[in-house]
Amino acid sequence: MVTDTISDMLTRIRNATMVKHQIVQIPVTKMSVAIATILKEEGFIVDFEDYQEDNRKYLLIFLKYTGKSKKSVINKIKRVSKPGLRVYANSKELPRVLDNLGLAIMSTSKGVMTNLKAKELGIGGEVLCYIW
């Protein structure tokens with residue numbers, strides 16, 4: 001049983017990109033689906049789909065690579081807010097990742113979204129992770 005499903009998801013993606021895997025299998029939660037949706041919209045992954053095996057649901061995430069050397073589109077993925085230390089940002093202090101070249105994924109009262117969308121809506125929330 002995994003207590004921090006977001007950290008587990010990010011670690012699986014990080015490990016898979018290091019060894020150039022095409023597909024990553026992640027247990028399904030509402031949060032993992034929301035994060036995978038954002039990663040797809042922002043172009044960090046190709047696609048994702050639901051998969052069921054032995055009455056357990058999984059997400060299959062298809063990773064994205066560029067060039068002949070298969071360089072991963074995801075250079076770094078870092079968990080910010082942890083179960084032992086939550087990190088929050090209000091609407092005036094939203095994080096900027098690499099001068100807005102990267103993304104911060106946030107959990108807000110309006111749902112899971114990027115820092116750019118949260119700034120557009122003028123809301124803050126919990127900073128889940130940074131991706132660039």
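How many salt bridges does the structure hold? I counted 5 salt bridges. The model is predicted, and I kept that in mind throughout.

**Entry: Arg12 and Asp8.** I looked up this pair and found their side chains meeting in a salt bridge, at 3.1 Å from N to O. Both sit in helix α1 (residues 5-18), and because they are 4 residues apart, about one helical turn separates them. I noted Arg12 as partly exposed, with 31% relative accessibility.

**Entry: Glu126 and Arg86.** I then checked Glu126, which forms a salt bridge with Arg86; their closest N and O atoms are 3.1 Å apart. This pair links distant parts of the chain, 40 residues apart: Glu126 belongs to strand β10 (residues 125-131), and Arg86 to the loop between β6 and β7. I list Glu126 as buried because its relative accessibility is 12%, under the 20% cut-off. Arg86 is partly exposed at 41%.

**Entry: Asp99 and Arg96.** I found a salt bridge here with 2.5 Å between the closest N and O atoms. Asp99 and Arg96 are both exposed.

**Entry: Ser81.** I located Ser81 in the loop between β6 (77-79) and β7 (88-89). Its relative accessible area is 0%, so I recorded Ser81 as buried. Leaving aside residues up to four places away in sequence, Ser81 touches Arg86, Val87, Glu126, Val127 and Leu128. I also looked up the C-alpha separation of Ser81 and Leu128, which is 5.2 Å across 47 residues of chain.

**Entry: strand β1.** I examined residues 23-27 and found Val24 and Ile26 on the covered face, with Ile23, Gln25 and Pro27 on the uncovered one. Side chains in a regular strand alternate between the two faces of the sheet. Strand β1 runs antiparallel to β3 (residues 56-63), joined by 5 bridges. Pro27 stands opposite Tyr58 in β3.

Note on methods
Residues are numbered from 1 along each chain as its sequence is written. This is a predicted model: local features need pLDDT of at least 70, side-chain atom pairs count only at pLDDT 80 or more; totals for chains, interfaces and linings use all residues. Side-chain values use heavy atoms; hydrogens and water are left out. Buried means under 20% relative accessible area, exposed over 50%, partly exposed in between (1.4 Å probe, protein chains only). Helices (H or I, at least four residues) and strands (E, at least two) are DSSP runs, numbered from the N terminus. Two strands pair if DSSP finds at least two bridges between them. Contact means heavy atoms within 4.5 Å. A salt bridge is a side-chain nitrogen of Lys or Arg within 4 Å of a carboxyl oxygen of Asp or Glu.
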